[in-house]
Amino acid sequence: MINYFPEEVLEHVFSFLTSHRDRNAVSLVCKSWYNVERFSRGKVFIGNCYAISPERLISRFPRVRSLTLKGKPHFADFNLVLHDWGGYVYPWIEAMAKGCTNLEELRLKRMLVSDASLELIAKSFPNFKSLVLVSCEGFTTDGLAAIASNCRFLRELDLQENEVEDPRGQWLSCFPDSCTSLASLNFACLKGEVNLAALERLVARCRNLKSLRLNHAVPPDVLQKILARAPQLVDLGAGSFVHDPESETYNKLKNVMQKCTSIRSLSGFLDVNARCLPAIYPICINLTSLNLSYAPGIYSKELVKLIRKCKKLQCLWILDTIGDKGLRVVASACKELQELRVFKSDPNDVGNAAITEEGLVAISAGCPNLNSLLYFCRQMTNTALITVAKNCPNFIRFRLCTLDPITPDAVTMQPLDNGFGAIVQSCKGLKRLSVSGLLTDQVFLYIGMYAEQLETLSIAFAGNSDKGMVYVLNGCKKLKKLEIRDSPFGNMALLADTGKYETMRSLWMSSCKVTFGACKSLAEKMPRLNVEIINEGDEMEGGSDDRQNVEKMYLYRTLVGPRKDAPDSVWTL
Amino acid sequence: MSSPEEKTLILKSSDNEEFLVKESVAVQCITIKNLVEDGCDLDAIPLLNVDSKNLAWIIEFMEKYADSTSTDAEKKDFDTEFVKKPFNDVLGLILAANYLNFPALMDVMCDACANEMKLWSVEQVREKFHIQNDYTEEEEKAVRAENFWAFE
């Protein structure tokens, strides 16, 4: 009977399999399923743009409509990777412009995106709807102007944390009057001025606009006019929120805010006068997501007053200026909290106590649904971590960052091994972990033993010997990304299980103890890995000493061999 | 002359069982809708590829969905119970829904089928669908590598 399953029926079943994992599984059943699947896969995810080539992508999935690509390794966020290391999107666009003009959606992270790439997108894909750029660089607002002018059905333009040159500032006026399809526009990261009149007109004619994140150049009076036109907004990033609270503008803003009952997510406040915050009090009760991590001007007292009203909050991003006291308020008010990120504020801001383990313990006790944490703190203790592990066994992401990377337990002065050990033992679903503080090989023994679902591990200034790294490589069966800096792991650890690296996406090691010779021998043994040495200085020109320590090494599995676009300072062994 | 809403059709399964169904309900199946619109005046509409077991289920589904008093929540609950059938029956209903061109049933059954598949290994999928693996070991290794290294 099953042999009579027509292809279109199979395709219909596959259309309910949306995750790439499920679709990959289906492609392995038999050859005809492989073919039905590949012609019907619309969404493709490529976690490392150098693992495969654009040509192979198109030949396998000729009807791809949505592509996600990731380029530079994560430590690029901490300025550890050269600007021109790679991750160019142009070849991908070029290839798809020839073979795959159905492209509708492009999501890029840590890629180099030139204006030429943006112009090529604008020209080549008639149905292009959605562009999401996260932590990318290489483009200017000229490229954005090309997108705005030409993509007639653009629904989403989302720029997150990109470095963008803004020479002209007129890109916003390039959206033609006929453009009414925008549902999501985020330009909060742009540094330059925008044409405010064009912005107001754009918002007025895009009746489906649900998400709008403004940059600092949009003042409160314009914000007020925009909100009056778009009360249907669900996600708002306020630009500048500095105004005289006695003014007419402020009054109007207060009134219009009250009508914005659909807003669930609030961010921005890039410039803020804390006395203006009461204007948003009316919508706090509806908020599920609040990001004040770019708003340094809000002091703890006002912050706390605001947060007390956000009883339905599920996701909170703030600065450590909130203090332990403020975190206790969060713990008592935000019972549905799932994700918390506390970023470090400007170290020059005197009077900031920063936060300690007490704030975290309070949160863990008050917010049982907490599953995702990023916590920059001044100090931590094992006891606190053990308590947190007991209170919140559901962590999926746990990233701790002590301001001094090798600070010990603040009370006992011992390493924090046991604390993190408790976290991995209790949180059976943990997928992402960043450890911090004084740590010995012991913590890695625990991680290798208990962190069965761990996919990403970040290590800095931790461990005593090669054994630490080996515990992790041997124990964490689902490990995909391992990034290590300033830790005493060397050749023995690197070469202990070379086959392991073919089961992982990538390994980064910088300021460790691996030598040039060991990297060379690894590259020789494992031809399907690209082993890249990144040299900033010119110590290793021509004949290099095998015994010399490598400053930065990045290796990753690939199906297409060494890349041809590496700059001179990056050597593929 | 009775109005079309009250007209009843006779649907005959492949094993010659006859089922009475209101026309307004039965036309959710586009195949049947087309026959009716083309002025088919047979006493009974023969559905050569649908046996009585499947037809009974299909009619149960059609009547639930045609009922204007059932809410979306009730339909969802109904769907949840309806799809709890042995897997071979799920597949049988998919094929029948395809033959009858019944989009609502098709979506519900294909979704149910996909949900089962998500829980299985590749080998289990082959078993449940009675599919022979025609990859050589080399070929399968290559597809696995491409899947996991590039597309995951």
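User: What's the area buried between chain B and chain A, and what share of it do carbon and sulfur atoms give?
Analyst: This is a predicted model, and in it the two chains bury about 3600 Å² between them, with carbon and sulfur atoms giving 68% of that.

User: Which three residues supply more of the area chain B buries than any other three?
Analyst: Those are W149(B), F151(B) and E152(B), which supply 27% of the area that chain B buries against chain A.

User: And how many residues are in contact on each side?
Analyst: On chain B it's 35 residues, and they touch 43 residues of chain A.

User: How many salt bridges are there between chain B and chain A?
Analyst: The count is four. One of them joins R21(A) to E152(B), with the closest N and O atoms 3.3 Å apart. E152(B) also belongs to the trio behind that 27% of chain B's buried area.

User: How many residue pairs are in polar contact across the interface?
Analyst: The rule finds 16, counting pairs where both residues are at pLDDT 80 or more.

User: Which helices of chain B supply at least two residues each to the side touching chain A?
Analyst: α5 (87-100), α6 (103-118), α7 (122-128) and α8 (137-150) of chain B each do that. The largest share comes from α8(B), with ten residues.

User: How does that side of chain B divide into nonpolar, polar and charged?
Analyst: You get 19 nonpolar, six polar and ten charged residues.

User: OK, switching to the sheet in chain B. What's the strand order?
Analyst: It's an open sheet of three strands, ordered β2-β1-β3, with mixed pairing. The edges are β2 (18-22) and β3 (45-46) of chain B, each pairing on one side only.

User: In which sense do β1 and β2 of chain B pair?
Analyst: Antiparallel, over five bridges, with β1(B) covering residues 8-12. Within that pairing, K12(B) stands opposite E18(B) of β2(B).

User: Which helix lies across those two strands?
Analyst: That's α3 of chain B, residues 52-66. The angle between α3(B) and β2(B) is about 15°.

User: What about E161(A), what's its phi?
Analyst: Near 55°, again a positive value in a residue other than glycine. E161(A) is in the loop between β6 (156-160) and β7 (163-165) of chain A.

Definitions and conventions:
Residues are numbered from 1 along each chain as its sequence is written. Chains are lettered from A and ligands numbered from 1 in the order in which they are written. This is a predicted model: local features need pLDDT of at least 70, side-chain atom pairs count only at pLDDT 80 or more; totals for chains, interfaces and linings use all residues. Side-chain values use heavy atoms; hydrogens and water are left out. Two strands pair if DSSP finds at least two bridges between them. Helices (H or I, at least four residues) and strands (E, at least two) are DSSP runs, numbered from the N terminus. Contact means heavy atoms within 4.5 Å. Axes are lines fitted to C-alpha atoms, for helices over the stretch in contact, and angles run from 0 to 180 degrees between N-to-C directions. Buried area is the accessible area (1.4 Å probe) that two parts lose on being put together, summed over both. A salt bridge is a side-chain nitrogen of Lys or Arg within 4 Å of a carboxyl oxygen of Asp or Glu. A polar contact is a pair of N or O atoms within 3.5 Å; within protein, one must be able to donate a hydrogen and the other to accept it, and residues adjacent in sequence count only if both atoms are side-chain atoms. Ala, Val, Leu, Ile, Met, Phe, Trp, Tyr, Cys and Pro count as nonpolar, Asp, Glu, Lys and Arg as charged, and the others, Gly among them, as polar.
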